[in-house]
Amino acid sequence: MSTTTPSRSDRQGRLLTLWTPEDKAFWEREGEAVARLNLWISVPALFLAFAIWQVWSVVAVSLPALGFRYSTNQLFWLAAAPALSGATLRIFYSFMVPLVGGRRWTAISTASLLIPAIGIGFAVQDNTTAYPTMLALALLCGLGGGNFSSSMANISFFFPKERKGSALGVNAGLGNLGVSVVQFLSPLVITAGVFGVLGGDAQTMVKNGQAQQVWAQNAAFVWVPWIALASLAAWFGMNDIADARASFAAQAAIFRRKHNWIMCVLYLGTFGSFIGFSAGFPLLIKSQFPDVNPLAYAWLGPLVGALIRPVGGWLSDKLGGAQVTLWNFAVMALAVVGVLAFLPKGTGGYALAFGPAEGSFAGFFAMFMVLFLTTGIGNGSTFRMIPVIFLNLRLAEVRAGSADACAQATREGNTEGAAALGFAGALGAYGGFFIPKSYGSSIAATGGPELALWTFAAFYALCIGITWWYYARARAEMPC
């Protein structure tokens with residue numbers, strides 16, 4: 001592999017015309033500083049994307065108290081719709097960085113978050129706003145969900161193979177904090193008119209028979225100035241990588257790779273669970289433990305999952321992504337059984353025989369914290385596996401001793417790995433739709449969420465088998 005160190009002439013404005021992070025001399029002399037700068041601008045941009053994506057998980061809970069006459073099923077749809085559109089947008093966003101450039105796309109996609117943030121701020125001020133309008137705004141929040149795939153693909157280009165797990169874990173983990181912060185901050189910022197006359201008038205919220213003045217629009221407006229700042233920081237502070245440019249056809253090679261589809265299944269089990277549990281947790285608490293204020297507790301789950309994600313990447317760099325993923329899925333399956341044990345024994349029809357009949361919120365909450373913890377670790381471990389798998393696939397096709405062929409295979413492996421990261425993120429995000437809707441459908445059909453939870457446990461068992469067979473056993477096809 002070449003050890004040429006780029007000079008100033010190798011940069012054209014914000015474009016890096018030569019980028020070789022696998023070259024240790026280049027990495028130590030210049031590459032690491034540039035990569036870290038791009039990472040630390042990417043993190044707040046992704047944080048804001050997650051905040052906008054999940055703002056409906058809070059807003060939907062508050063709408064009945066504000067006088068909006070929507071059914072329970074309609075509220076579940078509002079909580080689930082951003083995940084549906086976000087997952088679909090991720091499919092397209094997965095391929096945008098090599099087509100447009102990471103700096104340009106980060107700035108553009110972050111700025112697009114202003115559309116739903118401003119729209120929701122105005123819509124919630126009028127409780128006669130039609131449901132189709134609210135549903136359209138919920139779908140527009142999917143713009144935030146789409147950003148994840150492009151952000152992770154972009155950051156993967158900046159770091160060498162042995163640093164990818166940690167770097168992607170930091171980007172995703174701190175970005176995922178947007179889910180927790182929006183659930184924690186929203187109930188606080190709506191209590192005061194922090195934007196003055198620019199923020200609009202207060203509304204009346206009725207809780208427990210008591211009326212209080214709130215500014216519900218602040219839950220959306222509070223993000224507007226930060227989105228604008230993050231967009232400018234990305235445009236003027238980040239870099240595009242010339243070697244990361246690739247046509248859609250070059251990236252589409254992943255669709256012929258078996259391991260692309262296998263990793264999509266595993267990532268659905270990890271990130272899909274994280275974003276789905278995050279979106280549905282407040283409404284699930286409200287439906288199963290009506291005496292508990294869901295917004296006082298729901299934000300803690302996403303916080304735990306987000307903070308532990310970098311640890312999942314770091315552990316995988318040390319121990320191997322496959323081993324971490326395998327045991328993580330085993331704990332996830334057991335945690336779901338734990339949740340079932342502490343649910344109220346109502347009319348669900350699929351409850352466990354043991355556990356108190358009235359349920360235990362403390363036990364239920366503790367088991368969900370374990371679930372969020374494991375979704376975060378699994379997010380980090382699976383995203384460490386993907387770039388390593390695709391890089392190894394390409395390098396395995398190269399003759400030993402051919403430096404030029406090795407360099408070409410590394411570029412192609414990184415391109416395919418970035419595309420696979422984005423595409424797995426896209427399919428995984430559908431969990432944010434299916435999990436809340438599974439709760440709603442299970443409750444509608446059986447009277448409780450137990451059927452949905454048993455389905456999740458069975459899926460995790462399937463993921464254990466897949467991980468062991470292809471990646472974790474002694475003679476696995478692709479150990480990683």
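This report describes the pockets, cavities, salt bridges and aromatic pairs of a predicted model.

## The largest pocket

The largest pocket holds about 550 Å³ of space. Its lining is made up of 27 residues, and those nearest the centre of the pocket are Ser62, Met205, Lys207, Asn293 and Leu295. Sorted by class, the lining of the largest pocket contains 18 nonpolar, six polar and three charged residues.

Several helices and strands contribute to this lining. At least two residues each come from α2 (56-62), α9 (161-189), β3 (203-207) and β4 (210-214). Helix α2 gives the most, with four residues in the lining of the largest pocket.

The model contains four cavities of 30 Å³ or more. The largest cavity has a volume of about 70 Å³, and its lining consists of Ser42, Ala45, Leu46, Trp105, Thr106, Ser109, Thr110, Asn147, Ser150 and Ser151. Two or more of these residues come from each of α1 (24-54), α5 (102-111) and α8 (142-158). Helix α5 supplies the largest share, four residues. In the lining of the largest cavity there are seven polar residues, three nonpolar residues and no charged residues.

The second largest cavity has a volume of about 40 Å³. Val97, Pro98, Gly101, Gly102, Asn154, Phe157, Asn239, Asp240, Ile241, Ala244 and Arg245 line the second largest cavity. At least two lining residues are supplied by each of α4 (96-100), α8 and β5 (240-241). By class, the lining of the second largest cavity has five nonpolar, four polar and two charged residues.

## Helix α13 and its bend

Helix α13 spans residues 258-288 and bends by about 45° at Phe281. A proline, Pro282, follows within four residues of the bend. Most of α13 is covered, with 25 of its 31 residues buried.

## Salt bridges

There are twelve salt bridges in the model. One of them joins Glu32 and Arg36, whose closest N and O atoms are 3.2 Å apart. Glu32 and Arg36 are separated by about one helical turn because they stand four residues apart in helix α1. In general, an α-helix has 3.6 residues a turn, so residues three or four places apart point the same way. Glu32 has a relative accessibility of 22% and therefore counts as partly exposed. Arg36, at 38% relative accessibility, also counts as partly exposed.

Glu397 forms a salt bridge with Arg257, the closest N and O atoms being 3.5 Å apart. Glu397 lies in the loop between α16 (361-395) and α17 (403-428), while Arg257 lies in the loop between α12 (248-251) and α13, so that 140 residues separate the two. Because its relative accessibility is 16%, Arg257 counts as buried. Arg257 also meets Glu416 in a salt bridge, with 3.3 Å from N to O. Glu416 belongs to helix α17, and this pair is 159 residues apart. Arg257 and Glu416 are both buried. A network of salt bridges links Arg257, Arg394, Glu397, Glu412 and Glu416.

## Aromatic pairs

The structure holds 46 aromatic pairs. In one of them, the ring centres of Phe277 and Phe372 are 6.2 Å apart and the planes stand at 75°, so the pair is edge-to-face. Phe277 lies in helix α13 and Phe372 in helix α16, so the pair ties together parts that are 95 residues apart in sequence. Phe277 is buried, with a relative accessible area of 0%. Phe372 is likewise buried, with a relative accessible area of 0%.

Phe277 also forms an edge-to-face pair with Phe456, at 6.1 Å centre to centre and 70° between the planes. This pair links distant parts of the chain, as Phe277 is in helix α13 and Phe456 is in helix α19 (residues 450-472), 179 residues apart. Phe456 is buried, with a relative accessible area of 9%.

How values were computed
Residues are numbered from 1 along each chain as its sequence is written. This is a predicted model: local features need pLDDT of at least 70, side-chain atom pairs count only at pLDDT 80 or more; totals for chains, interfaces and linings use all residues. Side-chain values use heavy atoms; hydrogens and water are left out. On a 1 Å grid over the protein atoms alone, a cavity is a set of points where a 1.4 Å probe fits but cannot get out, and a pocket is an open set with protein on both sides within 12 Å along at least five of seven lines; lining residues have an atom within 4 Å of a point. Grid points are joined across faces, edges and corners, and a volume is the space filled by probe spheres set on the points. Ala, Val, Leu, Ile, Met, Phe, Trp, Tyr, Cys and Pro count as nonpolar, Asp, Glu, Lys and Arg as charged, and the others, Gly among them, as polar. The bend at a residue is the angle between axes fitted to the seven residues ending there and the seven starting there. Buried means under 20% relative accessible area, exposed over 50%, partly exposed in between (1.4 Å probe, protein chains only). A salt bridge is a side-chain nitrogen of Lys or Arg within 4 Å of a carboxyl oxygen of Asp or Glu. Rings of Phe, Tyr and Trp (its six-membered ring) pair if their centres lie within 6.5 Å; planes under 30 degrees apart count as stacked, over 60 as edge-to-face and the rest as tilted.
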